[in-house]
Amino acid sequence: MIYVLYIIVFVICVYTGRHYYFTLNRLFGFQRHPYIDIDTADWPPVTVLVAAHNEEKVIAHILEALMTVKYPADKMLVIPVNDRSTDGTREIIDKFVEEFPGRIQAFHRAGGKGGKAAALKDAMEMVTTEVILIFDADYIPGAGLIKQLVAPFFDIEVGGVMGRVVPMNAGTNLLTRLLDLERSGGYQVDQQARMNLRLVPQHGGTVAGVRLSALREIGGWNENSLTEDTDLTYRLLLNGWKTVYQNRSECYEEVPEVWPVRVKQIMRWAKGHNQAMVTYGVHLLVGKNRATLRERIDGTLLLGVYAMAPVTLIGWGLALAVFYQGVAPLHGVIALLSLTAYAAIGNLAAFFEIAAAARLDGTRKRICLLPFLILGFAVSIFSVSRAAAVQISDLVTGAEFHWDKTERFRKVL
Amino acid sequence: MNPYLAVAALVCMVSLMFVLPLIPTLMELRRKSDALPLSVVQQNAGEIRYFSDSFRSYIKGLEPIMQGCVAAGTTATGALPDGEEYVVLGRVDEPLVLVLQQRDATHLVMGADVDLTLPAEARFSKDIYAGGQFIGGVKNNFRAILGEKNVHLGASSRVLRWVHAVGEFTADLDCNLYGRISSDSLIQLRAGCSFRRLNAPRIEIGRVAVDPEASPPQPNLADGGTPHRFQHDGDFEVQAGQVIVGDILIRGKLYVHSGARIYGSVKSVEDAVIADGVAVEGSLISARRMRIGPHCTIHGPVIAERELAIATGTQCGTLEHPTTVSAPRIELEEGVAVFGTLWAREHGQVVAIA
């Protein structure tokens, strides 16, 4: 028992060090934005896929925004991927198709397997361009975003591109404000540090792009994946394609405004991430593939991010157990170390990262909410642990994953 | 002391000590003073002409005054709606300009058809609008200039923020151009000039003889070629005169020898050296340093993540297919032509031909 605890404490310390390394790099290191200056070019044809499942509240906003972006109109085709919607999504899309003939082509999907990856896979029959951009329906791209996301594809090593997500309903309530802080830390520090250090920026599946030839080479969208974005990141990496992060390619999104929706969202992410960890973890770390050593290490740590929640809980329990059983040779030191390690990952390192992100964003007062992140952290650690337990239980019972769509909170136009 | 009171006091003290650090948190939660979404630029796509377009809109209200001054050959002064002072010139003579230089907080607005030749060492700390030709003197110092016709800067002049010329923009020897420089037709810089961000249909470094439609001859597919995406781990050399059809990705240093033609894009994850007379149909990217030329033709974007040096006679992009050349540090020899954008994130320098 004590050796398991030693291992857990060591792993937690590794993640703590990783958080500090990323934050310090972001604050003081060389910042890589190699493609952001490409503002003049012979822009390639691009297809923009907008994934939509019962999105009547938001779909019109993104289609309107896409029709006003600064990209040659004759080189951009928007395909709203209407995935079995039962609300007014279809009618709204058809209205836009009529209004913008040749610029928007609808893909209505009435049946088939559930999930975004399955819908995107089916929609690929309409895609002929080498560059594909993907947005979820609740996003609102700015005028220059399409060019910014296309620019990295001039680099033939780039297979995927990811932009920055910014919550537009940040001020709604405590939850949205906490998610706003979390997003800042995740993108402004975590993703950009990985870009700076040539590690593994993660493809987010929205405000994102993928190269058609790369996608074909890795076997297309994996409809069995619960998080097609994580799955795509690792298959691209294993096949020698880079995913790049563009911190200045920002796009508004809507974050969950109620806790149950947030819990469902993070549980789905956790299950998908864990699925990718099982599928690609060993192959990435020790298998024969095109990833560099630093990509192998960072990629493996990234795969383990959601597994750390149950591991931390187990470590916590073990620490208390060995303390009260008196089996620990170092007596209270182990318990103290475990609690400190827990505090470091939940309380200090990650929070330091978020505080640094808020500073880089030039915001001041929102840092005051940092202590409340312990609440978000507590919800996350138990939700993610529950997701892992359910996943293991489903594996045993053979239960199928049920796809939960993230609820929207905007008013219908 | 009453023990109950003591316990209550202790509880209160502890609670206070616990809550005290959270007071800013609770206040911010209640006041929502920093709860707006982060500012994401929705409409400005980072365009180089953003400031000049904004300035044009800003002084739009002065049009009638400008026309009146030009017609009467007079000068007008006043304040814009935000309180900024301005001077509108309907005619220009040297003593008047010398007076204007002393008025540090004044926008200088010159009406259409009024050409201006500035004396040496004139300094302007506010934006200038020029309706006619604008000819700067030696060692002038400007904040920003919007010129409706040609704008010429004298030797050793300095621009702190931006210049936009509807006509041609030319800078004489040793100018320092710190901000955004754009033209709707041509930018020409001479040796010794430093720059950051330039955009024009045609950018000439020194005197150049360019072919705006230059394009490498079409590949002879019968010669055979490389696979569509050729990857190589380690250093790699493209031989002199070799023709490659397809993209090449090199995970090491790249040397492209004289006269090679690549009908595709090129990426090197380390340094890249491109010898003379090389033609690249697509993009040319190095994750570190890159040296190009002389007399090369590159059609796609040229990116170096650390440093880029381009030798004389090299041409990037064409009038029909403009492109971007970008690196933190760029050194260009006289004789280089770029069609589109030239962007040195930290420092760009024009050097005389060795």
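# Questions and answers on the model

Visitor: Why does A:Arg84 count as partly exposed?

Guide: A:Arg84 has 15 C-beta neighbours inside 10 Å. A residue is called buried if 20 or more other C-beta atoms lie within 10 Å of its own, exposed if 12 or fewer, and partly exposed in between, with the C-beta atoms placed from the backbone. The value of 15 falls in between, so A:Arg84 counts as partly exposed. This is a predicted model, in which local features need pLDDT of at least 70 and side-chain atom pairs count only at pLDDT 80 or more, while totals for chains, interfaces and linings use all residues. Residues are numbered from 1 along each chain as its sequence is written, and chains are lettered from A and ligands numbered from 1 in the order in which they are written.

Visitor: What is the phi of A:Arg84, and where is its place in chain A?

Guide: Phi of A:Arg84 is near 55°, a positive value in a residue other than glycine. Most residues other than glycine have a negative phi, and most peptide bonds are trans. The place of A:Arg84 is in the loop between β2 and α3 (89-99) of chain A, where helices (H or I, at least four residues) and strands (E, at least two) are DSSP runs numbered from the N terminus.

Visitor: Why does B:Asp174 count as partly exposed?

Guide: B:Asp174 has 18 C-beta neighbours inside 10 Å, so by the rule already given this residue counts as partly exposed. Its phi is near 65°, again a positive value in a residue other than glycine, and B:Asp174 lies in the loop between β10 (168-171) and β11 of chain B.

Visitor: What is the peptide bond from B:Gly293 to B:Pro294 called?

Guide: That bond is cis, with omega near 10°, and B:Pro294 has its place in the loop between β25 (289-292) and β26 (297-298) of chain B.

Visitor: What makes helix α4 (residues 116-123) of chain A mostly covered?

Guide: Six of the eight residues of this helix are buried, namely A:Lys116, A:Ala117, A:Ala118, A:Ala119, A:Leu120 and A:Ala123. The buried residues of α4(A) pack against β1 (46-52), β2 (76-83), β3 (107-109) and α8 (228-238) of chain A.

Visitor: Which residues is B:Val163 in contact with, leaving aside its neighbours within four places in sequence?

Guide: They are B:Ala144, B:Ile145, B:Val151, B:Phe169 and B:Ile181, where two residues are in contact if their C-beta atoms, placed from the backbone, lie within 7 Å.

Visitor: What makes strands β7 (residues 141-147) and β9 (residues 158-165) of chain B a pair?

Guide: Two strands pair if DSSP finds at least two bridges between them, and these two pair in the parallel sense over six bridges. One of the positions is B:Asn141, whose bridge partner in β9(B) is B:Arg158. β9(B) also pairs in the parallel sense with β12 (residues 180-183) of chain B, over four bridges, and in β12(B) the bridge partner of B:Ala165 is B:Ser183. With strand β11 (residues 176-177) of chain B, β9(B) has two bridges, again parallel, and B:Val159 stands opposite B:Leu177 in β11(B).

Visitor: How many residues of chain A are in contact with chain B?

Guide: The contact joins 36 residues of chain A and 40 residues of chain B. Two or more residues on the side of chain A come from each of β6 (158-167), α6 (174-196) and β8 (242-253) of chain A. By class, this side of chain A has 16 nonpolar, six polar and 14 charged residues, where Ala, Val, Leu, Ile, Met, Phe, Trp, Tyr, Cys and Pro count as nonpolar, Asp, Glu, Lys and Arg as charged, and the others, Gly among them, as polar.
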